[in-house]
Amino acid sequence: YIDGLTELFDTQYMNRAFGIAMPSMIAMGCFLRTSVFDRYPKLRVGIFEAGCTWAPYFVERLDLCFNIDSHQGWWSPKRRPSDYIREGRISFTFEPDEHLLPATMAEIGEDQFMLSSDMPHGELRDSAVTEVEARTDLTAPQKRKIFHDNAVRFFGPEIARVSQPAGLA
């Protein structure tokens, strides 16, 4: 949360909607519109706890800004923001009921998504894993990536030493 964004509106509903998503967009934009990924070629960033289906729109918007700035001769990163995304430099967590998740994964890449693992949470959801397991719009290989492979890739192989959930071996 960014304090100012959680107090813009007179309802918790609007403050929660903007106070979670907007700081994540700002953070992602700052990483993608600077040269930090060029200076630190092994750096990976996680955008967690903000859903993910906003990401394709925002990456497209950042690419548009990159194209305009480069064409005008203004400062811009060395490459388009979507290039860094395709390299797997940014990972996301998602909410189990984001119905645009398969399209988002297709656009961004399947290797960048993990299920938020601190459930139950403020939205009173205590069945996130069960909800994702029951989804018919995700394939078994995608679910394996979401539940295991992508976390190992993001956090490192030492996390794989933790017991694997049943069915993922």
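Which residue does the side chain of R135 meet in a salt bridge? The partner is D137, with N and O atoms 2.8 Å apart, where a salt bridge is taken as a side-chain nitrogen of Lys or Arg within 4 Å of a carboxyl oxygen of Asp or Glu. R135 is buried at 11% relative accessibility, whereas D137, at a relative accessible area of 35%, is partly exposed; here buried denotes under 20% relative accessible area, exposed over 50%, and partly exposed the range in between, computed with a 1.4 Å probe on protein chains only.

The structure is a predicted model, in which local features need pLDDT of at least 70 and side-chain atom pairs count only at pLDDT 80 or more, while totals for chains, interfaces and linings use all residues. Residues are numbered from 1 along each chain as its sequence is written, and side-chain values use heavy atoms, with hydrogens and water left out.

A search of the whole structure returns ten salt bridges. One of them pairs D63 with R80, whose closest N and O atoms are 3.8 Å apart. This pair links distant parts of the chain, 17 residues apart, since D63 belongs to helix α3 (residues 55–72) and R80 to the loop between α3 and α4 (81–86); helices (H or I, at least four residues) and strands (E, at least two) are DSSP runs numbered from the N terminus. D63 is buried, with a relative accessible area of 9%, and R80 is partly exposed at 30%.

A further salt bridge, at 3.3 Å from N to O, is formed by the side chains of K145 and E110. Here too distant parts of the chain are linked, with K145 in helix α7 (residues 140–155) and E110 in the loop between α5 (101–108) and β3 (113–115), 35 residues apart. Both partners are partly exposed, K145 at 21% relative accessibility and E110 at 29%.

Helix α5 has buried residues at L101, T104, M105 and I108. Because these residues cover an arc of only 100 degrees around the axis, they lie on the same side of α5, the arc being that of the directions from the helix axis to the C-beta atoms. An α-helix has 3.6 residues a turn, so residues three or four places apart point the same way. On the other side of α5, A106 and E107 are exposed. The elements that cover the buried residues of α5 include α3, α4, β2 (90–94), β3 and α7, contact being defined as heavy atoms within 4.5 Å. After α5 comes G109, which has a positive phi near 125 degrees.
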